[in-house]
Amino acid sequence: MAAAGAGSTALEPVETFLGVGRSGFASRSSLHQALRMATASALSGGVAVTLGLGHPLWATMGSVAVLQGLNYSMSVQRGIQRLLGNVIGALVAVGLLSLSLGFWPSVALVIGFQVLAELLVLKNYTLTTIAVTPVALIMTGLGSHLGPAAAMTRVADTLLGVVIGVLVAAVSISRTDHHHLPTR
């Protein structure tokens, strides 16, 4: 090891990956976000089961997707995009599911839609969700025959999740995100 010379500077301590992660988990905002997501997941899944909806997990994913927004208005926007994308994607899936495709054509469609979703994910969430919805429905149908009615179940579950996600976002809004609320 060489000794530090007159012109050298001491190196700043480098934070480790685990150290940064640990401090992130300990932050108040991370805890707030985790509680919001856990609440939305439990509520949407529980309500979906209570209502007898076919796939409570889709409701849970819808509520968590809404809460990915950085603030309340982005959460609402994300909810609208998720629902709109699911409706259009479900219509695409209805057409595909009514064809009663075999295994390999279904696999080819899943790969094609997944590649499309990956290409669109940074550009437009609605278009990404349009591509992801047929993937979810086709893959669900690979294990057992899934008819076009399953697409409407996807929309119903997603609608429930989006509504609960937006409600949880409204109730748990942070103090820094109050600019859209009416003043007294």
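By class, the residues lining the second largest pocket comprise six nonpolar, four polar and no charged members, where Ala, Val, Leu, Ile, Met, Phe, Trp, Tyr, Cys and Pro count as nonpolar, Asp, Glu, Lys and Arg as charged, and the others, Gly among them, as polar. The structure is a predicted model, in which local features need pLDDT of at least 70 and side-chain atom pairs count only at pLDDT 80 or more, while totals for chains, interfaces and linings use all residues. Residues are numbered from 1 along each chain as its sequence is written, and side-chain values use heavy atoms, with hydrogens and water left out.

The lining of this pocket consists of Leu96, Leu97, Ser100, Leu101, Ser106, Ile138, Gly141, Leu142, His145 and Leu146; a pocket is here an open set of points on a 1 Å grid over the protein atoms alone, where a 1.4 Å probe fits, with protein on both sides within 12 Å along at least five of seven lines, and lining residues have an atom within 4 Å of a point. The second largest pocket holds about 190 Å³ of space, the volume being that filled by probe spheres set on the grid points. Helices H4 and H6 each contribute at least two lining residues, and the largest share, three residues, comes from H6; helices are DSSP runs of H or I with at least four residues, numbered from the N terminus.

In helix H3 (residues 56-66), Trp58, Ala59, Thr60, Gly62, Ser63, Ala65 and Val66 are buried, that is, under 20% relative accessible area with a 1.4 Å probe and protein chains only, whereas exposed means over 50% and partly exposed lies in between. These buried residues pack against helix H2 (28-51), helix H4 (72-97), helix H6 (125-143) and helix H7 (149-171). Thr60, with a relative accessible area of 17%, is in contact (heavy atoms within 4.5 Å) with Ser41, Ser44 and Gly45, its neighbours within four places in sequence being left aside.

Phe103 is partly exposed, at 48% relative accessible area, and Trp104 is exposed, at 64%.
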